[in-house]
Amino acid sequence: MFERNRSDLQEKMSVAVRLLLDDGSTVAGKLHVPASRSVFEVLNGPALFVEFEPYEDERKFVAKAAIKAVTLLAGSRPIELTQKARDMDGFDPHVVLGVTVGAAWDDVRAAYLSRAKTYHPDRIQMADLPQEVTAYMTAMSRRVNAAYGALEVAHQARRAVPKRQPEAVFVSNGRH
């Protein structure tokens with residue numbers, strides 16, 4: 001009887017590659033790897049076979065011993081999340097929280113709570129995620145907190161401004 005193990009239940013991603021096989025032939029297609037692992041980890045792991053789908057053929061398992069070289073094809077590299085976090089140079093708290101500039105304070109707070117729950121470190125603490133994803137989630141958690149802090153300071157400053165009484169346009173001398 002066939003039993004599914006944990007690795008069969010993992011979500012997989014496809015990576016476009018060209019394989020050079022030990023017989024000298026090359027074949028292009030998609031290498032299927034678990035989303036939580038890199039191609040390097042899969043190729044150097046303990047399994048004897050890798051799941052490969054040639055572009056013009058059916059999906060099959062290829063023996064790692066038969067692979068001489070693997071070349072990642074253009075466009076196959078996933079976005080590096082650490083680079084994406086670093087690329088967000090222009091820190092705009094409204095963009096980070098996804099609110100407009102003139103949004104009501106209740107909307108800002110609701111957006112903050114939603115984003116804070118999404119990126120909170122406790123959500124990813126027990127998950128077996130790649131280091132890159134963990135670093136990105138942690139950076140985003142910091143950015144969300146910083147954005148809310150910046151908007152909160154501005155909100156409190158607006159509330160603290162004392163309301164001045166309008167000056168009278170005309171003052172009578174009073175009656176004698």
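## His 94 and the overall fold

His 94 sits in helix α4, residues 93-97 (helices are DSSP runs of H or I with at least four residues, strands are E runs of at least two, numbered from the N terminus). With a relative accessible area of 18%, His 94 is buried (buried is under 20%, exposed over 50%, partly exposed in between, with a 1.4 Å probe and protein chains only). Skip residues up to four places away in sequence, and His 94 touches Val 99, Thr 100, Val 101 and Leu 151 (a contact is heavy atoms within 4.5 Å).

This is a predicted model, where local features need pLDDT of at least 70, side-chain atom pairs count only at pLDDT 80 or more, and totals for chains, interfaces and linings use all residues. Residues are numbered from 1 along each chain as its sequence is written, and side-chain values use heavy atoms, with hydrogens and water left out.

Stepping back, the chain has 7 helices and 5 strands, and from the N terminus they run α-β-β-α-β-β-β-α-α-α-α-α. Of its 176 residues, 24% count as buried. Among contacts with a separation of 6 or more, 49% come from residues 24 or more positions apart.

Helix α7 covers residues 131-160. Its 30 residues should span 44 Å at 1.5 Å a residue, and the end C-alpha atoms are 43 Å apart, which agrees (the expected span is 1.5 Å times one less than the number of residues). Buried residues in α7 include Tyr 136, Met 140, Val 144, Tyr 148, Leu 151 and His 155. Leu 151 is also one of the residues His 94 touches.

What does a search for aromatic pairs across the whole structure find? It turns up 2 of them (rings of Phe, Tyr and Trp, the last by its six-membered ring, pair if their centres lie within 6.5 Å; planes under 30 degrees apart are stacked, over 60 edge-to-face, the rest tilted). Tyr 112 and Tyr 148 have ring centres 4.0 Å apart and planes at 15°, so they count as stacked. Tyr 112 belongs to helix α5 (residues 105-119) and Tyr 148 to α7, so the pair ties together parts that are 36 residues apart in sequence.

Pro 130 is in the loop between α6 (121-124) and α7. Its relative accessible area is 25%, so Pro 130 is partly exposed. The C-alpha atoms of Pro 130 and Arg 37 are 6.9 Å apart, although 93 residues separate them along the chain. Beyond its neighbours within four places, Pro 130 contacts Ala 35 and Ser 36.

## Salt bridges

The structure holds 3 salt bridges (a side-chain nitrogen of Lys or Arg within 4 Å of a carboxyl oxygen of Asp or Glu). Arg 59 pairs with Glu 51 at 2.9 Å between the closest N and O atoms, and with Glu 53 at 3.5 Å, so Glu 51, Glu 53 and Arg 59 are linked in a network. Arg 59 is partly exposed at 47% relative accessibility, whereas Glu 51 is buried at 12%.

Lys 60 and Asp 57 make another bridge at 3.3 Å, N to O. Lys 60 is partly exposed at 36%, and Asp 57 is partly exposed at 44%.
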